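Morning, everyone. Please have a look at the structure on the screen while I talk you through a few of its features.

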Amino acid sequence: MTGKAKRFHQKCRAACWLIVITQLMVLFLRWPSLPDLIPAHYDAAGAVHRWGSKAELFLLPCFSVLMTTALEWVARHPKWWNIPAGVTENNREALQSVTLKILSIMELLTILGFALLEFLSVTGRPLPAGLTVGFVLIWMVLIPIAILWLLRTAERYR
């Protein structure tokens with residue numbers, strides 16, 4: 001794996017931890033002023049679908065910590081990655097570098113999404129309808145792009 005990919009991963013990981021710490025700080029600072037019931041689930045149109053205890057606000061930061069920790073563990077074991085291309089000695093480093101970058105980007109986007117949902121719940125704001133569609137479209141576009149990026153990288157090193 002190249003040093004450039006590792007540095008990119010470290011920057012993304014640092015950004016994820018910064019986001020999680022910020023989430024928790026905001027939550028602790030706003031805790032006394034939060035109502036007992038907060039928006040806990042939104043439907044696709046952005047309307048509040050379920051209300052829940054303000055204690056549920058700790059779930060998203062917990063998921064963020066679990067995800068960041070798990071993806072860090074996965075990042076340390078590239079031999080376990082399921083790369084959708086033929087891995088050879090010629091392309092191993094390039095494919096692992098691309099895969100690490102993709103994992104880092106996906107992790108950062110997911111943590112940002114969790115933080116945004118947390119922010120909307122803490123502030124009591126409704127989820128913008130376009131946000132749900134936007135997130136789905138981003139993921140539907142990013143995943144094929146990531147796969148094509150991997151395949152193109154594998155092809156370059158045949």
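This is a predicted model: local features need pLDDT of at least 70, side-chain atom pairs count only at pLDDT 80 or more; totals for chains, interfaces and linings use all residues.

I will go through cysteines, then charged pairs, then a helix, a nonpolar core and a tryptophan.

Let's start with the cysteines. How many disulfides does the structure hold? The count is 0. A disulfide would need the two sulfur atoms within 2.5 Å. Now take Cys62. Its closest cysteine sulfur belongs to Cys16, 16 Å away, so that pair is too far for a bond as well. Are these residues buried or exposed? Cys16 has 0% relative accessibility, so it counts as buried. Cys62 has 42%, so it counts as partly exposed.

Next, charges. Side chains of opposite charge can pair when their charged atoms come close. Here the count comes to 4 salt bridges. Where do the partners lie? Arg13 is in helix H1, residues 3-30, and Glu72 is in helix H2, residues 59-75. The pair therefore ties together parts that are 59 residues apart in sequence.

Glu72 has another partner. It forms a salt bridge with Arg76, and the closest N and O atoms are 3.2 Å apart. Glu72 is at 13%, so it counts as buried. Arg13 is at 22%, so it counts as partly exposed. Arg76 is at 59%, so it counts as exposed.

Here is another pair. Glu89 and Arg92 meet through their side chains, N to O, at 3.0 Å. Glu89 is exposed, at 65% relative accessibility. Arg92 is partly exposed, at 32%.

Now to helix H3, residues 92-123. What span should its 32 residues give? At 1.5 Å a residue, they should span 46 Å. The end C-alpha atoms are 46 Å apart, so the two values agree. What comes just after H3? Gly124 does, and it takes a positive phi of about 75°.

On to the core. In soluble globular proteins, nonpolar side chains tend to be buried together. The largest nonpolar core in this model has 13 residues. Which of them touch the most other members? They are Ile83, Ala85, Leu95, Leu100, Ile102 and Leu150. H3 and helix H4, residues 129-156, each supply at least two residues of this core. H3 gives the most, with 5 residues.

Let's zoom in on Leu150. Leaving out residues up to four places away in sequence, Leu150 touches Ile83, Pro84, Leu95, Val98, Thr99 and Ile102.

Last stop: Trp139. You will find Trp139 in helix H4. Its relative accessible area is 24%, so Trp139 is partly exposed. What does Trp139 touch? Again leaving out residues up to four places away in sequence, the contacts are Met106, Leu109, Thr110 and Pro144. Now compare Trp139 with Ser121. They are 18 residues apart in sequence, and their C-alpha atoms are 22 Å apart in space.

Terms used
Residues are numbered from 1 along each chain as its sequence is written. Side-chain values use heavy atoms; hydrogens and water are left out. Buried means under 20% relative accessible area, exposed over 50%, partly exposed in between (1.4 Å probe, protein chains only). Helices (H or I, at least four residues) and strands (E, at least two) are DSSP runs, numbered from the N terminus. The expected span of a helix is 1.5 Å times one less than its number of residues. A nonpolar core is a set of buried Ala, Val, Leu, Ile, Met, Phe, Trp, Tyr and Cys residues joined through side-chain atoms within 4.5 Å. Contact means heavy atoms within 4.5 Å.
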